[in-house]
Each structure stands twice: as structure tokens, then as C-alpha cells.
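Biologist: Please show me the model, and then I will ask about it piece by piece.

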Amino acid sequence: MSGKRALSAMQKQAISLYRHCIRGARTKQQQEGLDPQTGNVLRQHARARFDEHRSVSTRNIQLVEHLIRQGQRQLQMLLEPGVSLRL
């Protein structure tokens, strides 16, 4: 046995959201013909937002769920065609 704990459902959701953010940055860059640097900025912003909340306790379920929902809404809005980037 490797000694690793299984991830909780919320941890899996957070990881999934992070992956969607990274993929979304690439998609936005390609679909709208943006400069490659813009894609890098989007990825850095996503990383910074996740790092900012890294210290949130996994026991604070309401906050974790709120942050996941907020991130999903922000990503969905960002991926809308024609939405300009103001980070």
C-alpha cells in the first residue's frame, strides 16, 4: 500500500476546477486568437487564486463549497466569447 489517503469529493472537485481553469486559459487563447502571453497570464492568475486559498481548512465545508462555486462561475464567465480579460 502506498500510504496515500483517498481524496475527498470536495478535493476532487477543486482539482477538477483547477484543471478546467488551465485548459480554459488555453482554449480562450486559441479561440480568440490571443497572444500566448495572455494564456500565461490566465494560468498564473488561476494558480494565484488557488494558492491564495490553499490554507483553507478542508473542515470548513461551507467556505470550500463557496470557493468552488465561485471559481466555476468565474471560469464559465471567462469562457464566454467576447469577454475581455481584466485581471
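**Pocket and ring pair**

Modeller: This is a predicted model. Its largest pocket has a lining of 35 residues, and those nearest the pocket centre are L17, A46, R49, F50 and L67.

Biologist: Which helix gives the largest share of the lining of the largest pocket?

Modeller: Helices α1, α2 and α3 (61-78) each supply at least two residues of that lining. The largest share is nine residues, and the helix that supplies them is α3.

Biologist: How much space lies in the largest pocket, and how do its lining residues divide into nonpolar, polar and charged?

Modeller: The space in the largest pocket is about 990 Å³. Its lining residues divide into five charged, 10 polar and 20 nonpolar.

Biologist: Why is the pair of Y18 and F50 called edge-to-face?

Modeller: The structure holds one aromatic pair. The ring centres of Y18 and F50 are 5.1 Å apart, and planes over 60 degrees apart count as edge-to-face. The planes of these two rings stand at 80°, so the pair is edge-to-face.

Biologist: How many residues apart in sequence are the parts that this pair ties together?

Modeller: Y18 belongs to helix α1 (residues 9-31), while F50 belongs to helix α2 (residues 36-52). The pair therefore ties together parts whose separation in sequence is 32 residues.

Terms used:
Residues numbered from 1 in each chain as written. Predicted model: local features only at pLDDT ≥ 70, side-chain atom pairs only at ≥ 80, totals over all residues. Heavy atoms only, no water. Phe/Tyr/Trp six-rings, centres within 6.5 Å; stacked < 30°, edge-to-face > 60°. Helix = DSSP H or I, 4+ residues; strand = E, 2+ residues; numbered from the N terminus. 1 Å grid on protein atoms, 1.4 Å probe; cavity = no way out; pocket = protein on both sides within 12 Å on 5 of 7 lines; lining within 4 Å. Points joined across faces, edges and corners; volume = space filled by probe spheres on them. Nonpolar A, V, L, I, M, F, W, Y, C, P; charged D, E, K, R; others polar.
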